[in-house]
Amino acid sequence: AYSPGYTLAPVKVSWERIIRRVVGLRPFRPAGFVLRADRLGDKVLVHNYGHGGGGITLSWGSSALAVREADAVALTGERRAAILGCGVMGLTTARLLQRHGWAVTIYARELPPQTTSNVAGGQWTPTSVFDTDAITPAFRTQFNEVTRLAFRSFQDLAGPEYVVRWIDNYYLSGKPWSDEPEVFKQLPDVFPGATELAPDEHPFDAPYALRVRTMLIEPATFLNTLLRDVRIAGGKVVVGEIRDRTQVTGLSERVVVNCTGLGSGALFGDSELMPVKGQLTFLFPQPEVDYLAISDGLYMFPRSDGILLGGTFDRGNADLAFDFEAERRILDGHRRLFSSMRSG
């Protein structure tokens, strides 16, 4: 019998409980994100884009390295920066530059809540960021540093203001955890307390379960609060699309940080960048559900704005139409998962 000393509440999965549906496109590169400084005419162009499904997770760490690149050129006395994009990379880059004494202006086509980052699930886990067989050792080193920096930075934001909280995440599988996700093996220090559970130590109908304590971020509040912080610190925001590099070279700032995500494909000619379509279905909130569950490619995150159900990662698909067949598969899978839970 299952008796861990506490009970996990099952999610009530039904069509009648759906409150909204959203679709987004992850900016994915098989070889990983781009984080480097280039020249563009008389400007220094720092790239910070292409984080796949790990944008929010890696934001503070990746932006810290982008700011490091900007600070390297600031020895010339330049302390004004243009930031392209107002998703999570643009906002965290702006805040970190401000902390380093920079004056920033964000140039963006969309502001929260219309950004791609707003469609993110918000689980803190650096996965779906690259293809393991496509990365270099140098990228692996950079990725590890970015992940550790981000892990530490998000801890400082835990609490209601940014809606960042610690939570248990249950990875369920039919295979032993010797085949656990690679990121747990590479970075055990950012998953402290990861515990393999015996069948009688969890309520799910799965032979193998791994409990990982991680963080959950609620993008709507998190991004709005970051934008508020940027403005309080004197940052400016200019709404409008930058369509080509001529517009970039015409900006008054000599340091430009490119955080345009998928827009970098057309704007800076990155042919490796691809859209990865994802969609989410939200059910009415259930405050009693206080854990995450991931099983067979499906995932459930309990947010204050609703129970999030997902499970799509459609490479190369830029179609923003909602796929109702995929939704049926996701809801049916979650219904089976939660209806088979054992009570304590």
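Where is S128 found? Select S128 to begin the tour: this residue sits in the loop between β5 and α3. (Helices here are DSSP runs of H or I with at least four residues, strands are runs of E with at least two, and both are numbered from the N terminus.)

Before you click further, note that this is a predicted model, in which local features need pLDDT of at least 70, side-chain atom pairs count only at pLDDT 80 or more, and totals for chains, interfaces and linings use all residues. Residues are numbered from 1 along each chain as its sequence is written, and side-chain values use heavy atoms, with hydrogens and water left out.

**Stop 1**

Phi is near 55 degrees, a positive value in a residue other than glycine. S128 counts as partly exposed because its relative accessibility is 31%. (Buried means under 20% relative accessible area, exposed means over 50%, and partly exposed lies in between, using a 1.4 Å probe and protein chains only.)

Now select P112 and P113. The peptide bond from P112 to P113 is cis, with omega near 10 degrees. P113 belongs to the loop between β5 (103–108) and α3 (137–155).

**Stop 2: the loop between α3 and β6**

Next, pick V163, which lies in the loop between α3 and β6. V163 is not a glycine, yet its phi is positive, at about 55 degrees. Is V163 buried or exposed? At 18% relative accessibility, V163 counts as buried.

G159 is also worth a click, in the loop between α3 and β6. With a relative accessible area of 25%, G159 is partly exposed.

**Stop 3: T214 in strand β8**

Move on to T214, in strand β8 (residues 208–217). T214 counts as buried because its relative accessibility is 1%. Which residues is T214 in contact with, leaving aside its neighbours within four places in sequence? They are W124, T125, R165, W166, I167 and N169. (Contact means heavy atoms within 4.5 Å.) W124 is 90 residues from T214 along the chain, while their C-alpha atoms are separated by 6.2 Å.

**Stop 4: helices α2 and α5**

Show α2 (residues 88–99) and α5 (residues 219–232) together. They pack at an angle of about 35 degrees, with their axes 10 Å apart. (Axes are lines fitted to C-alpha atoms, for helices over the stretch in contact, and angles run from 0 to 180 degrees between N-to-C directions.)

To see the contact, display V88, L91, T92, A94, R95 and Q98 of α2 with F222, L223, L226, L227, D229 and V230 of α5. Eight of these residues are nonpolar, two polar and two charged. (Ala, Val, Leu, Ile, Met, Phe, Trp, Tyr, Cys and Pro count as nonpolar, Asp, Glu, Lys and Arg as charged, and the others, Gly among them, as polar.)

**Last stop: residues beside a pocket**

Finish by selecting α8 (324–339) and β6 (164–173), each of which supplies at least two residues of the lining of the second largest pocket. The largest share of that lining, five residues, comes from α8. (A pocket is an open set of points on a 1 Å grid over the protein atoms alone where a 1.4 Å probe fits, with protein on both sides within 12 Å along at least five of seven lines; lining residues have an atom within 4 Å of a point.) By class, the lining has five nonpolar, six polar and four charged residues.
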